[in-house]
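Let's walk through this protein together, one question at a time. Have the sequence and the 3D view handy as you read.

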Amino acid sequence: VEARLRLGRLLVRLGRGAEGRAALEVAHRLAPADPEPCDALGESFMPQVAANPLPAVRWFSAALRAAPGDVAAHVALGQLCIAHRQWVDAARQLEAVRAAGAQEPQVLRGLADILAATGYGAEARQRRGMADVLEGKLPQALDEFRALKVAEPQSRDPSILISQVLIQMGRNAEAAVEIKAAADRWPRDPVLKERLAELYLDSLTRDGARQVCAAWLRIDPAAAKPLWLLGRTEMFSPRELPQAIDHFERAARLAPRDPEILAALAEALSRSNPEQNTRRALDLLGRSIALAPREAKYRYQLGLLLLQLDRPEPARRQFLRALDLNPGLTGAYAGLVRISGQLREPGQIALFAPVIREQQAAKREETALRRLTYSAPRDPAAYAALARWLAGHGDLLPARAQWEVVRTLQPHNAAARQALAQLDRTLAVL
């Protein structure tokens, strides 16, 4: 089925529609309960929907019969309804997408189109901005969220979204100004206080973080997060470590199912007296992992603790599991190299040490290229350079997103058209 599906999509992209649809129909017959062949068949008819929408509607409807919650079909049908000005039906498809909670960029953009066409312009900007963030198009996301802030001056959500993007762009000082203004306006909002304190911590302004937390506790003495944040301001000072542990202990009693708080307490205990606190620290990290099994940092933290306790093989398993969850976690590779050195495994060192160097070099190069797009958000050459680098490193979808920006800035850019066509052909067979 997968082979027929890929072949059919490729043939359609190459302009051989009849052959492509034949392959897709075979895939549908082989797997009638799978909505993907139906979705692909519906997509193959999209260029002709202005003249005749019925074939596309028929196949997207078949996808929904096979899988009633199929988000791609709902989005496509919603877009068709918009094109034919059938607003009630478009709204119905919108509700189905909302219920599914889809977060893929393509789905979010389709949802934004439906929202904009049915009169929800601000929500449309939010979805487009979220799609831009997922695709690594941060200057475009920032534009959307700033426009959202103008459209919704009574909401604090745009400020949170703006600050998140600014942090990803490495502009923490601007993010702090944005969140500080929102926190002054909504002084009882815990989300804004937490973000402001974390920004102060990231900029090593511990006094500012402590002031925010103290004000927060005066408003809400039973809040766990300000205690956790206070502990973070103290944890890396040996003199203040006992106070950090006390703050983390109190926070954990108030929020016993918060994995971040439990992991912070585990780290503080392991720093204080590893031998005496080992069992408890291991238990706390085990609970963090159970509460957030897809979070790599808790596996990595457990690996460090096990390595500290001279248990290299269990530590190695945790580092490897962390890399399964986050292949870019350079610290986990460093942990594996350290274990290999401890166990005298030169082959393993030879395997992992170059990976660390390559990852560090790639991160530096990508960061520099992305910063060029941040400093010159209207310069297509900056996005083109980033797109070529991403494609050269095998990141095809992120590369495509950057070429899309080039095409938006310069609709007649031949290099962008050629690169997008090549990427689409490649992605069709992957």
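Predicted model: local features only at pLDDT ≥ 70, side-chain atom pairs only at ≥ 80, totals over all residues.

Q: Which residues lie nearest the centre of the largest pocket?
A: The pocket has a volume of about 1500 Å³. Its lining divides into 18 nonpolar, 4 polar and 15 charged residues. Nearest the centre are Arg13, Glu43, Gln106, Leu397 and Arg400.

Q: How are α23 and α24 oriented relative to each other, roughly parallel or roughly antiparallel?
A: Helix α23 spans residues 396-409 and helix α24 spans residues 414-428, and their axes come within 9 Å. These axes cross at roughly 150°. Angles over 145 degrees count as roughly antiparallel, and therefore α23 and α24 are roughly antiparallel.

Q: How many nonpolar residues does the contact of α23 with α24 have?
A: Here α23 passes α24 in a left-handed crossing. From α23 come Leu396, Leu397, Ala399, Arg400, Trp403, Glu404, Val406 and Arg407, while α24 brings Ala415, Ala416, Ala419, Leu420, Leu423, Asp424, Thr426 and Leu427. Sorted by class, this contact has 1 polar residue, 4 charged residues and a nonpolar count of 11.

Q: Why do α22 and α23 count as roughly antiparallel to each other?
A: Helix α22 covers residues 380-392, and its axis comes within 8 Å of that of α23. The cut-off for roughly antiparallel is an angle over 145 degrees. The two helices are therefore roughly antiparallel, with a crossing angle of roughly 160°.

Q: How many nonpolar residues are in the contact of α22 with α23?
A: The crossing of α22 past α23 is left-handed. On the α22 side the contact includes Pro380, Tyr383 and Leu386, and on the α23 side it includes Leu396, Trp403 and Leu409. Its residues divide into 1 polar, 1 charged and, for the nonpolar class, 14.

Q: Which residues lie nearest the centre of the second largest pocket?
A: This pocket has a volume of about 830 Å³. Its lining has 15 nonpolar, 7 polar and 9 charged residues. Of the 31 lining residues, those nearest the centre are Arg232, Met235, Phe236, Ala264 and Glu267.

Q: Which elements give two or more residues to the lining of the second largest pocket?
A: The lining of this pocket is made up of 31 residues. The elements giving two or more are α10 (157-168), α12 (190-202), α14 (225-234), α16 (259-272) and α18 (296-308).

Q: What is the handedness of the crossing of α11 and α12?
A: Helix α11 (residues 172-185) packs against α12 at an angle of about 150°, with the axes 9 Å apart. The pair is therefore roughly antiparallel. The crossing is left-handed.

Q: How many charged residues are in the contact of α11 with α12?
A: In α11, Asn172, Ala175, Ala176, Ile179, Lys180, Ala182 and Ala183 take part, and they meet Leu192, Arg195, Leu196, Leu199, Tyr200 and Asp202 in α12. The contact divides into 9 nonpolar residues, 1 polar residue and a charged count of 3.

Key. Residues numbered from 1 in each chain as written. Heavy atoms only, no water. Axes fitted to C-alpha atoms, helices over the stretch in contact; angles between N-to-C directions. Helix = DSSP H or I, 4+ residues; strand = E, 2+ residues; numbered from the N terminus. Parallel < 35°, antiparallel > 145°, perpendicular 65-115°, else oblique. Left-handed = near helix turned anticlockwise from the far one by under 90°. Contact = heavy atoms within 4.5 Å. Nonpolar A, V, L, I, M, F, W, Y, C, P; charged D, E, K, R; others polar. 1 Å grid on protein atoms, 1.4 Å probe; cavity = no way out; pocket = protein on both sides within 12 Å on 5 of 7 lines; lining within 4 Å. Points joined across faces, edges and corners; volume = space filled by probe spheres on them.
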